[in-house]
Amino acid sequence: MTNNAPSETPTKLSTEQANSMKINIRIRNEVVTATLIDSKTTQDFISLLPLTLTLKDYANTEKVSDLPRRLSTEDAPPGSDPAVGDIAYYAPWGNLAMYYNDFGYSNGLVILGKIDGDIEALTVPGSVEVMIELRSQ
């Protein structure tokens, strides 16, 4: 018998994936780490790094920024329900989103990973410049 139930959470990672898919997000004088999931969209995102972006507040829920180009959504789910701390790609607009408040299901939203630990650095009002880079092993 096959169990077709979805996995516990879309951002659950194996230890092997977690070790090879870490990024640093530099926000002002703080460095926040995040763990990315292994997907074609995430691999395409990694190919853009290092990347400096200005994250703008959107709907008092997330920080968003346009990316230099659109990412592949091959094999991506039709949508996702992001949680606090999730990093996602919103395909319809071609932007990156980092959630600091909970939000509902959105078509075209592809979860890339999750911020490890505290997301307080994202809760600053207005825009904030960040530098995203692969974390060295």
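In which strand does Asn95 lie? The close-up views below, taken from a predicted model, begin with this residue.

View 1. Asn95 lies in strand S7, and at 5% relative accessibility it counts as buried, because buried means under 20% relative accessible area. When neighbours within four places in sequence are left aside, the residues in contact with Asn95 are Val64, Ser65, Asp66 and Leu67, together with Ala88, Tyr89 and Tyr90.

**View 2. The largest nonpolar core.** This core has 31 residues, of which Ile23, Ile25, Phe45, Leu67, Ile87, Leu96 and Ile132 touch the most other members. Among the elements that give two or more residues to this core are strand S1 (22–27), strand S2 (30–36), H2, strand S3 (51–58) and strand S10 (128–134). Another core, of 6 residues, lies apart from it and includes Val64, Ala88, Tyr99 and Leu109.

**View 3. Contacts of Ile87.** With neighbours within four places in sequence left aside, Ile87 is in contact with Ile23, Ile25 and Ala34, with Leu96, Ala97 and Met98, and with the residues Val110, Ile111, Leu112, Gly113, Lys114 and Ile115.

**View 4. The largest pocket and its lining.** About 180 Å³ of space lies in the largest pocket, and helix H2 (40–46), strand S5 (79–80) and strand S9 (109–115) are the elements that give two or more residues to its lining. The lining comprises 13 residues, of which Ile37, Ala76, Pro77, Val110 and Ile111 lie nearest the centre of the pocket. By residue class, the lining of the largest pocket divides into 6 nonpolar, 4 polar and 3 charged residues.

Key
Residues are numbered from 1 along each chain as its sequence is written. This is a predicted model: local features need pLDDT of at least 70, side-chain atom pairs count only at pLDDT 80 or more; totals for chains, interfaces and linings use all residues. Side-chain values use heavy atoms; hydrogens and water are left out. On a 1 Å grid over the protein atoms alone, a cavity is a set of points where a 1.4 Å probe fits but cannot get out, and a pocket is an open set with protein on both sides within 12 Å along at least five of seven lines; lining residues have an atom within 4 Å of a point. Grid points are joined across faces, edges and corners, and a volume is the space filled by probe spheres set on the points. Helices (H or I, at least four residues) and strands (E, at least two) are DSSP runs, numbered from the N terminus. Ala, Val, Leu, Ile, Met, Phe, Trp, Tyr, Cys and Pro count as nonpolar, Asp, Glu, Lys and Arg as charged, and the others, Gly among them, as polar. A nonpolar core is a set of buried Ala, Val, Leu, Ile, Met, Phe, Trp, Tyr and Cys residues joined through side-chain atoms within 4.5 Å. Buried means under 20% relative accessible area, exposed over 50%, partly exposed in between (1.4 Å probe, protein chains only). Contact means heavy atoms within 4.5 Å.
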